[in-house]
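Here is a note for a colleague who is opening this structure for the first time. Please look through the sequence and the model, then read the points below.

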Amino acid sequence: MPAQWEAHRTSGSTIAAIATPMGQGGVGIVRLSGPQSLDIAEKLFVPGPRFKGFKAYKLHYGWIKNRNQQILDEVLLAYMPAPYSYTREDVVEINCHGGPAVLEGVLEALYHLGAEPAAPGEFTKRAFLNNRMDLTQAEAALEMINAPTQDGALLARDKLQGHLKERVDSLRDSLEKLKQELCLAVDFPEEDLECLPLADLAQRTNSAVREIDQLLKAFEQNRVFREGALVVLAGRVNAGKSSLMNALLGRERAIVTSIPGTTRDYLEEAINLDGLPVRLVDTAGRRPTRDKIEMMGLETGRQLISRSDLCILVLDAGQEPAPEDLDILEEISPGKLVLAVNKQDLVSGTPGWVQDLKDKGLDLVHTSATLGHGLENLTRAIRSRILGEKRPQATSSLAPNLRQKTALDKARQELLLLADEARQEMPYDVLGVRLDYACTFLDEITGRIVTDDILNSIFENFCIGK
Ligand SMILES: Nc1nc2c(c(=O)[nH]1)N(C=O)[C@@H](CNc1ccc(C(=O)N[C@@H](CCC(=O)O)C(=O)O)cc1)CN2
Ligand SMILES: Nc1nc2c(ncn2[C@@H]2O[C@H](COP(=O)(O)OP(=O)(O)OP(=O)(O)O)[C@@H](O)[C@H]2O)c(=O)[nH]1
Ligand SMILES: [Mg+2]
């Protein structure tokens, strides 16, 4: 462990928090970590008749008292002694009935006996500081909780298991080794050591860059599984955007009326499209307007479209595309566009202009939001526009998160500079400094080098009790 963290480890405080969500549940867990965990829990626990002392990793049946020494709830209690626990400290978990009043009563009693409230992510932070996991694994715990779909969970699992850490560490080790070979040539020039040939250096730098590129590619490919794809419904007023939003969600989320200009602001809802997590956004319908509020809504819509992974242009099958629709057709590349020709129930046959759009090779589906027709085709079109035919490769594509990606970018940049400087035959010690920088950026990913700022920015996103 880096020396700077010794202080944290020996700080000796015992933290407590409710580890399960607030609300009613079958079971709710209150968690303690730190040297006083068992002492504190013991003072509140009234064991059942078969209890013969606290055994590690057993569930002990009994009752728990509140801070006034009244029996509060029937519980199961687990004791996990250091260092074989989640945090590597003594951990006690109290499994209560899952109601907020019970859990708060227990927590209050723990505070009363000297436990301190845990900060967000503090259990996992302690696990990291005590070397039970590296930073990529700590982040994976959060990604697991936030995973919007099962595929997203599989990606988090790979990192939780330490596969990203292994990849980054082995890349770092190869650069470290390269640097040692360079330095040997610098430090003992008189010994006539064979210098590392520049061609070797170039080749090894190159292969490190390629390794980084693979990880960066996985970042892009898997982004939608971590965050959800942004899909925006757009088009002229009254085309049926809000109706389609509701139909896809399966509930009446957005207001629908026959009055053009019903939606003025945007609405966002999360939806799982056959495993693809989507943030579906309904926007204000387009039309010429001087209304200030409506203009603001339209501007918001435009910004959403520009950030979107996919735009669904909703057209009214009974009307030729309006200039506003043609604007969207112009603005957006066909790869990010699906046309939904809606109100299909009101027309018979395929109007000529629809055929023209199809002939242009645009992705087009016929829908009737009110009858619920064409929704599967629309879902399929959205999926295949965003994903192609691929699903995430749960075992082979290790996907860095944004923080990790940013550090990889920086390491890659150093390696490219190194390659450049090697071509200019710069001195070996100059080249060595580039390798040092690259290693430093890789170390930021795993947390071998870490600042308080990095730690805070990671763990402030956790929930309390994790
Ligand atoms: N009740 C409960 N469920 C939970 C957790 C928890 O902390 N408590 N977890 C929390 O995120 C996750 C499981 N992760 C865990 C990771 C390590 C250890 C642990 O005690 N490891 C020890 C002992 C391992 C062993 O006995 O083989 C160790 O690594 O030394 C516990 C949970 C999900 N479910
Ligand atoms: N017959 C038929 N009517 C539809 C269909 N989809 C929507 N409508 C009707 O068209 C009208 C407008 O629907 P909305 O969903 O509010 O349209 P919008 O595009 O959100 O409109 P704005 O919010 O004004 O931009 C409503 O009266 C809907 O009932 C459809 O597929 N078939
Ligand atoms: Mg609407």
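1. Start with one recorded site. An unreviewed UniProt entry lists N238, T257, I259 and T262 under "binding site". These four are spread over 25 residues of sequence, yet they cluster in space, with a largest C-alpha distance of 8.2 Å. UniProt positions follow the numbering used here, feature names are shortened, and annotations may be inferred rather than shown by experiment.

2. A word on the source. This is a predicted model: local features need pLDDT of at least 70, side-chain atom pairs count only at pLDDT 80 or more, and totals for chains, interfaces and linings use all residues. Residues are numbered from 1 along each chain as its sequence is written, while chains are lettered from A and ligands numbered from 1 in the order in which they are written.

3. N238 sits in the loop between strand 8 (229-234) and helix 9. Helices (H or I, at least four residues) and strands (E, at least two) are DSSP runs, numbered from the N terminus. N238 counts as buried because it has 22 C-beta neighbours inside 10 Å. T257 is in the loop between helix 9 and strand 9 (267-273). T257 has 10 such neighbours inside 10 Å, so it counts as exposed. The scale is this: buried means 20 or more other C-beta atoms within 10 Å of the residue's own, exposed means 12 or fewer, and partly exposed lies in between, with C-beta atoms placed from the backbone.

4. N238 touches P260 and G285, not counting residues up to four places away in sequence. Contact means that the two C-beta atoms, placed from the backbone, lie within 7 Å.

5. Ligand 1 has I29, M80, Y84, S85, Y86, E93, R132 and A141 around it. That shell holds 5 nonpolar, 1 polar and 2 charged residues.

6. The unreviewed UniProt entry also lists R31, E93, R132 and K466 under "binding site". R31 belongs to strand 2 (residues 25-33). R31 is buried, because 24 C-beta neighbours lie inside 10 Å. Leaving aside neighbours within four places in sequence, the contacts of R31 include E93, F123 and G465. R132 lies in the loop between helix 4 (122-129) and helix 5. R132 has 18 other C-beta atoms within 10 Å, so it is partly exposed.

7. Now helix 5 (residues 135-146). Its 12 residues should span 16 Å at 1.5 Å a residue, and the end C-alpha atoms are 17 Å apart, which agrees. The expected span is 1.5 Å times one less than the number of residues. Among its buried residues are L135, A141 and E143.

8. Last, the overall layout. The domain assignment gives domain 1 (3-134), domain 2 (137-222 + 399-446) and domain 3 (226-387). Such bounds come from an automatic or database assignment. The C-alpha centres of domain 1 and domain 3 are 50 Å apart.

Terms used. Near = placed C-beta within 6 Å. Nonpolar A, V, L, I, M, F, W, Y, C, P; charged D, E, K, R; others polar.
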